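The sequence and model are shown first.

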Amino acid sequence: MPKIKTCRGAAKRFRKTGTGKIRRHKAYTSHILTKKSTKRKRDLRQGTLVSSADAKNIGCLIPYL
């Protein structure tokens, strides 16, 4: 059986936790930060988990991570 190629774009954006869930970074942190509140920017710094609806598809993109 041939190996599955890892989607390199997804490999740079997602990581797996110890229990097999997929971590991601939050969006909207790169520019136009002046109009965003300090609390909002602070909350965006924290990573979060991928939703269960998307986890299966992303798991196919990063099979070996």
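## Strand pairing

In this predicted model, strand β2, which covers residues 22-24, pairs with β3 in the antiparallel sense, and the pairing runs over 2 bridges. Within this pairing, R23 of the chain stands opposite L49 in β3.

The sheet as a whole is open and consists of 3 strands in the order β1-β2-β3, with antiparallel pairing. Its edges are β1 (15-16) and β3 (48-49), each of which pairs on one side only.

## Order of elements

The protein chain has 3 helices and 3 strands. Read from the N terminus, the elements follow the pattern α-β-β-α-β-α. The chain is more spread out than a compact globule, because its radius of gyration is 15 Å, well over the 11 Å that the globule rule gives for 65 residues.

## Dimensions and surface

Taken along the principal axes, the box filled by the C-alpha atoms of the protein chain is roughly 50 × 20 × 20 Å. The accessible surface comes to about 5,700 Å², and carbon and sulfur atoms account for 55% of that surface.

## Burial and contacts

How much of the protein chain counts as buried? The share is 14% of the 65 residues, where buried means under 20% relative accessible area.

For contacts between residues at least 6 apart in sequence, 62% join residues at least 24 apart.

Definitions and conventions
Residues are numbered from 1 along each chain as its sequence is written. This is a predicted model: local features need pLDDT of at least 70, side-chain atom pairs count only at pLDDT 80 or more; totals for chains, interfaces and linings use all residues. Side-chain values use heavy atoms; hydrogens and water are left out. Two strands pair if DSSP finds at least two bridges between them. Helices (H or I, at least four residues) and strands (E, at least two) are DSSP runs, numbered from the N terminus. The radius of gyration is taken over C-alpha atoms; the globule rule is 2.2 Å times the number of residues to the power 0.38. Buried means under 20% relative accessible area, exposed over 50%, partly exposed in between (1.4 Å probe, protein chains only). Contact means heavy atoms within 4.5 Å. Accessible areas come from the Shrake-Rupley method with a 1.4 Å probe; for residues, only the protein chains shown count as cover.
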